[in-house]
Amino acid sequence: MISKKVQGEILKLKRANELISIICLFVVFFLLMYFQKAFNSESGYYTPELLSIQYMSSFNLLLLSLVGFIPGSILGAYISGIEYKHNTNVYVIVNVGRIQSIVIKIKTLLLGTMCLVIFMFCLGVLEAFFVNNQQPFYFEWKVLFPQLFCCFIILLCSSMIGFLGATFTKRVYGGILIAIVFPILLERISLYIPILKYFTLNEYYASLIGHSFKNMAGDPQIQFSNSTSISYGNSMFIITAIILSILIIHIIIVVKRDFRA
């Protein structure tokens, strides 16, 4: 049961036309990739395994893990920064309270991230049925659950960076810029300073993806990174620690910030 306050946050997001447009564009992108694999036999990406529901759902989750940082960052930035955009932060703080407002927004962020993951999973199932509706409805859950969780934790981390960035800059677009540009910039710098690669998210994302999507290794469209020396458990621990650290920093900023109308 979604609380009325979380529903209120969702209603605010429904008015964010830019966010809705970005998500729609990503759905179109996923459908385009589906066309390449399902119908365009000359694309080089067509594979008979597409007839499997397990395969298509995994394929969509993998794509979301790889490129979902963009809608994830935008989602987090909007949830956090929409009050600054409409100058309603004082009203929210007075009527809800600082900590309670953070809790509500975090719940909305978790719900939004989960909905993105579930939607892309369901889209993969529908795509597979569209190609062959005679196939059995079967999943290998020990493969699927780690993939769902991997996709969720990666999107959540990107969303939390956008969430913190919007709070820090008091701008939605500031949060989006920080969430998208900073990890890419840090990765580029790590090419010249190798020790920094252990501080880039991609190092841990690659480990989670490599361990979770082994059933996709035979796809000619997919090339897994070789940087999977970091264990799944260590990668999950570090990303979870980053998410919690971002949350703590966000709480400190909000509690100490002096809000003015």
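Let me begin with a term: by contact I mean heavy atoms within 4.5 Å. What you see is a predicted model, in which local features need pLDDT of at least 70 and side-chain atom pairs count only at pLDDT 80 or more, while totals for chains, interfaces and linings use all residues. Residues are numbered from 1 along each chain as its sequence is written, and side-chain values use heavy atoms, with hydrogens and water left out.

The chain holds 10 helices and zero strands, where helices (H or I, at least four residues) and strands (E, at least two) are DSSP runs numbered from the N terminus. Of its 261 residues, 47% count as buried, meaning under 20% relative accessible area with a 1.4 Å probe and protein chains only. Among contacts between residues at least 6 apart in sequence, 78% join residues at least 24 apart.

Turning to helix 9, residues 201-212, we find that 10 of its 12 residues are buried, so this helix is largely enclosed by the rest of the structure. Among those buried are Leu201, Tyr204, Tyr205 and Ile209, and the buried residues of helix 9 pack against helix 3 (53-67), helix 7 (141-169) and helix 10 (232-256).

Helix 4 is also largely enclosed by the rest of the structure, because 14 of its 18 residues are buried. Helix 4 has a kink of about 50 degrees centred on Ser80, the bend being the angle between axes fitted to the seven residues ending there and the seven starting there. After helix 4 comes Asn87, whose phi is positive, near 55 degrees.

Note on methods. Buried < 20%, exposed > 50% of the residue type's maximum accessible area, 1.4 Å probe, protein only.
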